[in-house]
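Biologist: I want to learn how to read helix packing and a domain boundary. Can we work through one example together?

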Amino acid sequence: MQTLYIGNKNYSSWSLRAWLLLRHLGLPFQEHLVSVAGREYNPDLKPLAGNAKVPCLHTTSGFQIWESIAIAEYLAETHPQLWPSDPLARARARSLCAEMHAGFGRIRNTMPMNIKLHLRPHALQPEVQREVDRVIEIWTEARTHTSADQGPWLFGQFSVADAMFAPVAFRFDTYAVPLPPMAQSYQETLLAHPAMQEWKASALAETETLAALDALADTYGLRTPA
Ligand SMILES: N[C@@H](CCC(=O)N[C@@H](CS)C(=O)NCC(=O)O)C(=O)O
């Protein structure tokens with residue numbers, strides 16, 4: 001059976017993307033959780049993945065596929081419904097995925113995924129707010145161009161683009177980011193996906209904590225009482 005190597009569910013946003021696609025498709029796979037700490041290089045992961053990072057998918061024959069977007073493309077080879085069928089919509093979905101994969105560094109660095117954590121509402125640094133505004137713009141534009149009968153996702157049916165933005169829904173929840181109605185409704189759609197709920201339940205049950213990431217939250221001084 002194929003195996004997906006993932007990091008701690010509370011923290012590993014890249015792992016969530018690949019895991020969500022496999023679960024959404026209902027594909028059988030074993031998951032193997034390894035401890036991550038946001039390290040730039042982790043030699044322990046080198047035998048699992050060329051880039052020494054998770055997620056990494058090992059096919060039944062042991063072939064390794066790393067980088068979340070490459071795992072998504074591999075799954076789409078046999079499940080083309082993971083991309084919109086219209087060529088222009090597909091191109092737009094790929095633009096959004098590439099933008100997420102390569103960008104949003106401020107959100108990544110200052111708002112790491114930490115599902116257990118909830119902060120009180122607070123003003124964001126202007127450069128972080130700019131990236132948050134871009135996410136809101138992406139979500140709102142996509143939902144505006146998709147009619148209700150096409151489905152509730154960015155391009156109607158669930159696609160790789162939704163998986164790429166899924167961790168952001170958890171982040172906006174953790175950091176109490178206020179959203180305009182259309183973006184909020186899309187965030188709720190993401191959070192309500194049964195696989196997102198399953199991931200969240202496992203994250204909440206995890207006992208391992210990553211001090212560096214939890215400490216970052218404390219620098220805000222805004223942690224809500226548990
Ligand atoms: N560009 C990679 C990013 C993967 C990544 O940064 N993974 C982190 C966990 S979310 C990792 O494995 N870090 C190694 C460690 O912290 O030990 C992808 O899209 O898969």
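Biologist: At what angle do the axes of helix α1 and α6 cross?

Modeller: First, note that this is a predicted model. In general, a packed helix pair is described by the angle between the axes and the distance between them. Here the axes of α1 (residues 13-25) and α6 cross at roughly 145 degrees. They come within 8 Å. The crossing is right-handed.

Biologist: Which residues of α1 and α6 meet?

Modeller: From α1, take Ser13, Leu16, Arg17, Leu20 and Leu21. They meet Val160, Ala163, Met164, Ala166 and Pro167 in α6. By class, the residues of this contact divide into 8 nonpolar, 1 polar and 1 charged.

Biologist: Take Leu21 from that list. Is Leu21 buried or exposed?

Modeller: Count neighbours. The cut-off for buried is 20 or more other C-beta atoms within 10 Å. Leu21 has 29, so it is buried. Leu21 sits in helix α1.

Biologist: What does Leu21 touch, beyond residues up to four places away in sequence?

Modeller: Ala72, Leu75, Leu82, Val160 and Ala163. Look at Ala163 in particular. Leu21 and Ala163 are 142 residues apart in sequence, yet their C-alpha atoms are 6.6 Å apart in space.

Biologist: Now the core. How many residues does the largest nonpolar core have?

Modeller: The general idea is that nonpolar side chains tend to be buried together in soluble globular proteins. In this model the largest nonpolar core has 59 residues. Those with the most contacts inside it are Trp19, Leu21, Val160, Ala161, Met164 and Ala166. Helix α6 (residues 160-174) gives the largest share, 10 residues. Both domain 1 (3-80) and domain 2 (81-205) contribute at least three residues each.

Biologist: Ala161 is on that list. Which residues is Ala161 in contact with, leaving aside neighbours within four places in sequence?

Modeller: Ala161 contacts Ala93, Leu96, Cys97, Leu154 and Phe155.

Biologist: On to the domains. How far apart are the C-alpha centres of domain 1 and domain 2?

Modeller: The centres lie 20 Å apart. Then read the contacts. On the domain 1 side, 17 residues are in contact with 21 residues of domain 2.

Biologist: Which helix supplies the largest share of the side of domain 1 that touches domain 2?

Modeller: Helix α1, with 8 residues. Both α1 and α2 (68-78) supply at least two residues of that side. Its classes are 10 nonpolar, 4 polar and 3 charged residues.

Note on methods. Residues numbered from 1 in each chain as written. Predicted model: local features only at pLDDT ≥ 70, side-chain atom pairs only at ≥ 80, totals over all residues. Core = buried A, V, L, I, M, F, W, Y, C linked by C-beta atoms within 7 Å. Buried ≥ 20, exposed ≤ 12 C-beta atoms within 10 Å, placed from the backbone. Helix = DSSP H or I, 4+ residues; strand = E, 2+ residues; numbered from the N terminus. Domains from an automatic or database assignment. Contact = placed C-beta atoms within 7 Å. Axes fitted to C-alpha atoms, helices over the stretch in contact; angles between N-to-C directions. Left-handed = near helix turned anticlockwise from the far one by under 90°. Nonpolar A, V, L, I, M, F, W, Y, C, P; charged D, E, K, R; others polar.
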